[in-house]
Amino acid sequence: MTRPSPDPSPTSRPAGGLTAAVPPPGCPAHEPGPGGVHRLYGPVASADPFGLYERLRAEHGPVAPVLLEGDVPAWLVLGYAEILEVTRNPRRFSRDGRNWGEYRAGRVGAASPIAPVLLWGPDCTHQDGEVHQRLRSALNQSLDRFDRRGLRRHVQRHAHQLIDRFAADGEAEILAQYAQQLPMLALTTVLGLPEEEGPRLVRASRQLLIGTEKAVSADRYIQRTLGELVTRKSTDPGHDLASWLLAHPADLSDEEVVHHLRLVMVAGNETTTNLIVNTLRVVLTHPRFRGSLHGGRMTLPAAVEQVLWDEPPISVCPGGFATQDVELGGQHIREGDVLLLGLAAANVDPAVRPAPGAPMHGNRSHLAFTSGPHECPGQDIGRAITGTAIEVLLTRLPDLRLTTEPDDLSWSSSTWSRHLDALPVAFSRREPRGPSGAGVTAARAGATASSPPEAAAASTVRRGAPHAGPTRAWRALRARLRQWRLHRHG
């Protein structure tokens, strides 16, 4: 991409040849970067990312020039159809960061805060062709080995344990005390990590996606922790993703296994945390949404899909590097240019959505998990964790309510995502349920020494705490929600 001129005068032309409208002096909400190109990072973008996306759409159409950290030029794809064109044409839009013109020219290196997300790595998201197919099939087949019901029981156990810590207080900050902790507790089991690693990995994975100066050191910590895990699992395999990737016929190297574990952990934790808290925020702050859920006209899975349309957990993600000059959305994309996918913007594209916030009634055609061969491989696990987390919380605390006005909630944003800073709630005090997971402990103890490690661990997952069937669980949840509605509205 042509680098923007440092002259921010009204006659400056951003990449792509379109004239940028320069706002009046002293108007920080519309202040562009060098050459009149809007920055996708920093305080202006963070203050109102959705507003920025719409300004870019109005100024440039479905594909807009933007600047990344360090004022590195990029294209942001805002149109729904244009994102599908990028994601479904890997030959024209490579995921291999070594094709990036800015990297080849030496203007972006390993120390850049955007390097961990965009530069090449030995995982399926940064590969093309046969290599991508080999790695992606290994990851998909390994993830498919997890018993979803067993995973839900595991999430239920941890959810009850976390709720027990604050149930007697009558109040909690549900983001920090619940939504940020539960996904990583579930993912440590999926990956094969000890549970005590969870809190440190939560902090590190968030730093990585926020893109601060700590991103590189956080990435090193994550890779070191996962490297130690792979070393252990090479000699002591179990019923977990690390062991299955190591044993897969695709013959992944240790480095490839580490990077795929990193991919699942970082992406899975951040997206699931955001999806849990965003869904809870909507349930607690939007009467129509809450009433539809309470009255049985909307199921919890359908509610989650609506939130994925309105507030996708990842707003922007890498789309690829142009392998040739190409026209896209009225813009001339040059070979080597980087394209980012504006998932949040595409979900409200007027070409596919009558209006932002319009009910989508369980429609799964949103782009929250992208599309094409690089579509998120762990989305069903994320949905399972999210649905179970919310179901347990609302069943345990049916009179859950916000302790602040909805308009007083604050957000933080980065290039890649937007997330709540806190979700303070109150509820009637309740006694903790007490120690849980006894069934899991018993199952472990019951595995004989001669049993294969995978069989012993499988018994842990499949013989956990008693689990009511879906019909019974939903009946109980809806009954609690009706009680909650009566309590709230008299």
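## Close-up views of a predicted model

View 1. Asp219 has a relative accessible area of 10%, so Asp219 is buried (under 20% relative accessible area, with exposed over 50% and partly exposed in between; 1.4 Å probe, protein chains only). This is a predicted model, where local features need pLDDT of at least 70, side-chain atom pairs count only at pLDDT 80 or more, and totals for chains, interfaces and linings use all residues. Residues are numbered from 1 along each chain as its sequence is written, and side-chain values use heavy atoms, leaving out hydrogens and water. Asp219 forms a salt bridge with Arg262, their closest N and O atoms being 2.6 Å apart; the term means a side-chain nitrogen of Lys or Arg within 4 Å of a carboxyl oxygen of Asp or Glu. Arg262 is buried too, at 9%.

**View 2. Arg396 meets Asp164.** Here the closest N and O atoms of the salt bridge are 2.8 Å apart. Arg396 sits in helix H17 (residues 379–396) and Asp164 in helix H7 (residues 148–166), 232 residues apart. Helices (H or I, at least four residues) and strands (E, at least two) are DSSP runs, numbered from the N terminus. Both Arg396 and Asp164 are buried.

**View 3. Strand E6 and its neighbours.** Seven of the seven residues of E6 (residues 316–322) are buried, so this strand is largely enclosed by the rest of the structure. Five bridges join E6 to strand E9 (residues 338–342), and the two run antiparallel; strands pair if DSSP finds at least two bridges between them. Look for Pro318 opposite Leu340 in E9.
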